[in-house]
Amino acid sequence: MNDSAEKFAFANNNFWQRERLYWQAAHAGLPTGVIFDRLVEAGRSVLETRQQLTVPGRELAHGFHSDADIAGAVLGVYEREATTHEAGDWPRERMQEHWAAAREIAALVGPLRLRQHLVSRAQYALGQSQASKALALLDQARRLASEPVFASGSGETQRYLHGDLRAVQAAALHQLYDSVTALTVQAPLERELRELLPNGPLLDEAARRKLPRRGQSASADHLLAASTVYHQVLDTKAAALRDTGHPAEAERTYLILAPHYEQQGLTEVGMLQLAACALSRKQPGKAGRWLDRAAPLFGTAPVSRDSGGDLTSMRAHLKRVKGAVYCRMRAECSRLQGQQVEALVWCRRGEVYLRAHPDHAAEAGLQTERARVHRALSEPASAAEAYRRAIVASDWLLRAPLGHRFDTLHLRFRQPLFDEALQAAQETDNAELATLVTDLLKARAFTARLALARTSVPAAPPPDEQPDRHEFHDLTERIGFAERQGQSELAEQLSQRRATLLTRIRAVDPRWQVLQQDPPFDPATLISYLAAYGSHASGTGAGACVALSLYEQGRSIVAALATADEGLRMAVQPLSKKTHRALDSHQRLLLSGNKPQPMNFWDDYGINLSDLIPESFADVIAAAGTCLLSPHGRLHALPWTAVRHQNRHLIRDTSIGVVPNLACIPVLDHRPCARLRVALVGVTELLTGKRQFDPVRRLLYKLSSSLTPDQLYGPPVIDRAADTAALRALLHSGPRVPGETAVLCLGTHGFAAPEAPFRGGVEMADGCIEAGEVSLGRMRFEEVVLVACRTSWRASTDRRGGHGALVEPDEGSPDEPFELGGDQANALVHAFQEAGAAFVLASPIPVWSRAASRYSEKWFGHRAARCTPLEASRRTAVELLNDDNTSEIISRWAGFTAYGVR
């Protein structure tokens, strides 16, 4: 051996000795921090020394481990240390540094070990209640080399060594309230493990007794690793069974797991789970007995970081992360047994645990219980404050939207909390609490995406996102080809694949990593914004700006009105039979599938604004210069531009801008006073060759003549040039250009998809572009005018089941319609806003082509005269009303709605 080889041999031996010492200390429950640091240093040394070898291959032939083996061993201790410090003695920044260092090592291992590492990190993320992050990591792991198929031989020891992707995925799904899918995902794994371990999961001693002979330790290790996965599968199964209404079966499963918890020295885990089963069956006495058995661990206050006490053992970890849950269940038992004062004591103890280990899910549960106790004690003000804290904590649980299925299931799980909080707000006339609840229930995920789209991150997608986008565009082309060939079934199958891919792209958008804060609705922020509204941009209409939020609750509407001088006010307006029937009839007409006809809800049914909100609220809006309106549910489909108050069209004096919710108002603002630059695109000829939309052709030529050359990007793009490629180029034209306001005018045929989110869209000369594709754009256009029908229609159902992001639909399960919750913002208008638009002119209902062209022409005239988009919309509507205010004529353009705040 030369000197380099001897140096390497020494470094190699030193590393593996330290590696053995580390695991001996770990298994003995001793502190490992110092050994960990020295081991990592030794690992880096041996890897660096190998690079100095003159003939690296010769040394490997003499029995030295490969770089991948050494890196894998280092990666293993990184994973173990993260789990050890999961209890919270490391701050978030320290843990991020830890994983960043681990990623450097991970680059040296093979695909299988990297896959196992990602699964381990996902397991850690779950322990931190970060289910969305866990799914994203599992998605990365799924794209690497598959795990080896179980068979006898050397490969079997790796099968479950670092957990199983399916087990972690199921646990994440349960944490995201999708217990049904969690059970489906892990069912094949459970069958596989049952075949391997017919007598159930083994404990350490049982495995060693079963395989005592020399040479079979690998098989014993394999069975133990499989048993660890089996325990996780059963734990998820029990929790999912409890949450799906099978507490007795869940209890039996937890009893099977009891020896596992006991062997780990964590019997309290089983006690907590069994207590939860009893509470779900309304058996507080039985739950209390299980909790009594866990009291020795949780009966004392949590250990603080600076106390010098135990922070890293598994029992310390359990106490830290589950202490608030224990106290919440204690409080619930006391409340159900009529001991309200004692229940409050337990709530206070739980808050001590939360200060030591913040957990939004645990805080939401604890504050909900506290609110219920205060209500039982007839303390409405205290109850309202507890509900407010519970709502805020609940809002933090989903930072990245994971698709409408997970978003909806999250809201369904919390629905009792929302209903109770809204009722408490009404009882105490607490407008802030009511608005906080209703805003969270209206397009909450969309608000987060808007904040994401407005980050300072470069507009171009990162390289690791490109394969998904290429696949998306490839599927789009294949769908178009299948449709042109009349292969509707194939086109639908491809569309489902594309919908799943779209949800994934949106969920793993790397910009989520830089969006550190996306707080819920804040009344003070809104009031300050309204007070300064008139000074933000020239061209704004005269008068104050107010905001109105509507929420349909049964046969009533909860209205919240925000003004700069009086702050927030709320009222509950019961709907008359006439109004209720009118809303039902209007919705049925839109969903009937018959040939759409222009309509004007207000005149057709004789409804005024004061039929929906109190007269006093309507008076305030009528006296304002601008109203920013957030509807709800079927109220989105009303032609708000034509709404009347006291038999006078509100738009004559008040600009109306529709927003998804109040929280997104500041996010959607822009400064429209810069120089206009307009792109004109008009589809006058569809794929079939049948000439249509002559009014669109005339509109674009009129606009190109009336606007100056420096206000245009070029001549109108019409006829066959107005194809999908042309629109896609505009969708990816970002970023915004300083000193100018880019406006896109698109005239074509729009189509809605009531049972397919993000499937509505527009027809171009050679095919369709749907809302989902638009949402992936990053464009320079801050204002968009859609001269088309039904471009703001929202889908309220997913007929194919609403599968969530990062979870492939189960091919064996039938698709069932999935009712969306949370007032999802999934129309074409919202897709353009995600792509960068601050203002969109669109319609939720049918409009006449000639009337649409005339409306758009007048709007551009006012906009070119330096009116803001909302004021231009108001003046356009007033002109048309002055020309002819008969109901028949108004119905032809009444659907045109201004979506924006300026």
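Tutor: Cys333 is buried, with a relative accessible area of 4%, in what is a predicted model. Cys545 is buried as well, at a relative accessible area of 3%. The cysteine sulfur closest to that of Cys545 belongs to Cys627, and the two sulfur atoms lie 7.8 Å apart. A disulfide is a covalent bond between the sulfur atoms of two cysteines. The cut-off used here for such a pair is 2.5 Å, so the sulfur of Cys545 is too far from that of Cys627 for a bond. For the structure as a whole, the count of disulfides is 0.

When contacts between residues at least 6 apart in sequence are considered, 75% of them join residues at least 24 apart. The chain exposes about 37,100 Å², and carbon and sulfur atoms account for 51% of that area.

Two helix pairs may now be examined in turn. Packed helices are described by the angle between their axes and the distance between the axes. Helix α15 spans residues 314–336 and helix α17 spans residues 360–376; their axes are 9 Å apart and the packing angle is about 20°. That angle makes α15 roughly parallel to α17, since angles under 35 degrees fall in that class. The crossing of this pair is left-handed. On the α15 side, the residues that meet α17 are Ala324, Val325, Arg328, Ala331, Glu332 and Arg335. Their counterparts in α17 are Ala362, Gly365, Leu366, Glu369, Arg372 and Val373.

Helix α22 (residues 466–484) and helix α23 (residues 488–507) have axes that come within 9 Å and cross at roughly 160°. They are therefore roughly antiparallel to each other, as angles over 145 degrees are classed in that way. The crossing of α22 and α23 is also left-handed.

Some backbone details in the loops complete the account. Most residues other than glycine have a negative phi, and most peptide bonds are trans. Against that background, Gly734 and Pro735 are joined by a cis peptide bond with omega of about 5°. Pro735 sits in the loop between α30 (724–731) and β9 (740–747). Asn647, a residue other than glycine, has a positive phi near 65°. Asn647 belongs to the loop between β5 (644–645) and β6 (648–649), and its relative accessible area of 61% makes it exposed. Asp719 likewise is not a glycine, yet its phi is positive at about 55°. The loop that holds Asp719 runs between α29 (694–706) and α30. At 23% relative accessibility, Asp719 counts as partly exposed.

Key. Residues numbered from 1 in each chain as written. Predicted model: local features only at pLDDT ≥ 70, side-chain atom pairs only at ≥ 80, totals over all residues. Heavy atoms only, no water. Contact = heavy atoms within 4.5 Å. Areas by Shrake-Rupley, 256 points an atom, 1.4 Å probe, with all protein chains shown as cover. Buried < 20%, exposed > 50% of the residue type's maximum accessible area, 1.4 Å probe, protein only. Axes fitted to C-alpha atoms, helices over the stretch in contact; angles between N-to-C directions. Helix = DSSP H or I, 4+ residues; strand = E, 2+ residues; numbered from the N terminus. Parallel < 35°, antiparallel > 145°, perpendicular 65-115°, else oblique. Left-handed = near helix turned anticlockwise from the far one by under 90°.
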